Amino acid sequence: MTQGIDTAPDEAAAAEAAAALRWLIELGADEAIEEAPLNRFIAAAEPTAGRAVPAQPARPLALQSGGEMVESAVSAARAAATLAELEAAVRAFDGCALKKTAMSTVFSDGNPLSGLMFIGEAPGADEDRQGKPFVGVSGQLLNRMLAAIGRDRQTAYITNVLFWRPPGNRKPTPQESLACQPFVRRHIALVKPKLLVFLGGSAASVLLNTNKGITRLRGHWLEYEDGEHGVQVPVMPTYHPAYLLRQPALKGDAWRDFLAIAARLRELSS
Ligand code: URA
């Protein structure tokens, strides 16, 4: 009897805590980024006598405007003369808000000398944990698609238009994409691939500067152009593997795109 009376409030509190947790996850707050919880309402309040005030987090992002962040990305990217320098510059860059919530900077995987460069959207939870692009389920499908044209991670190079995981895999904001773009363009200029493949609409819209959806873009050879670096590379936009996992009926189209990529690579090396 007493037990029943004692446990009811506990159950109500547990249900309330579970509901609060579900709400946070829906908002995209699905990773713990500090060892201990930090009440930012208290941190922001006036210090009161006798109460310890938690340390304020560093706030470089709040001090920089969007334009300044892009400018600092442009100059950091420009200063990188090699891939190793570019990777170090990306890791040191604090101008993309996504870095604050991500566990890892996800730069690239594969062989930059392979001539074939894939660009996806953004790291997911598995990539964030392992620090490498396309290592989760969509990466496994990408591996099978590569194998179907006789390639693997030693004969392809893989990166994303964002180097940090958006919390809860939400859509990145235009500011977050803009802050990473100078590094991505420099990345392409330093790798100098023979062919580019954009995996999904995000990479295509950011790097081809188009509003057309991937359904209209895929299957057509287009040109990726970057006047600043004097780069012009043929690009095949195709479906993102994660989309193919949700829409398996479209795998035939992706297969045709990969056959076209394999044929073009043969032409280029003959
Ligand atoms: N999806 C992407 O676009 N990139 C990754 O690295 C993983 C999943």
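Helices here are DSSP runs of H or I with at least four residues, strands are runs of E with at least two, and both are numbered from the N terminus. The model is predicted, so local features need pLDDT of at least 70 and side-chain atom pairs count only at pLDDT 80 or more, while totals for chains, interfaces and linings use all residues. Residues are numbered from 1 along each chain as its sequence is written, and side-chain values use heavy atoms, with hydrogens and water left out.

Q: Where does Arg165 lie, and is Arg165 buried or exposed?
A: Look in the loop between strand 3 (157–160) and helix 9 (174–191) for Arg165. Buried means under 20% relative accessible area, exposed over 50%, partly exposed in between (1.4 Å probe, protein chains only). With a relative accessible area of 5%, Arg165 is buried.

Q: Which side chain does a polar contact of 3.0 Å join to that of Arg165?
A: A polar contact is a pair of N or O atoms within 3.5 Å; within protein, one must be able to donate a hydrogen and the other to accept it, and residues adjacent in sequence count only if both atoms are side-chain atoms. At 3.0 Å, the partner of the Arg165 side chain is Asn169.

Q: Is Ala203 buried or exposed?
A: Ala203 sits in helix 10 (residues 201–208). Its relative accessibility is 0%, so Ala203 counts as buried.

Q: What separates the C-alpha atoms of Ala203 and Ile214?
A: Along the chain, Ala203 and Ile214 are 11 residues apart. Between their C-alpha atoms, the separation is 9.6 Å.
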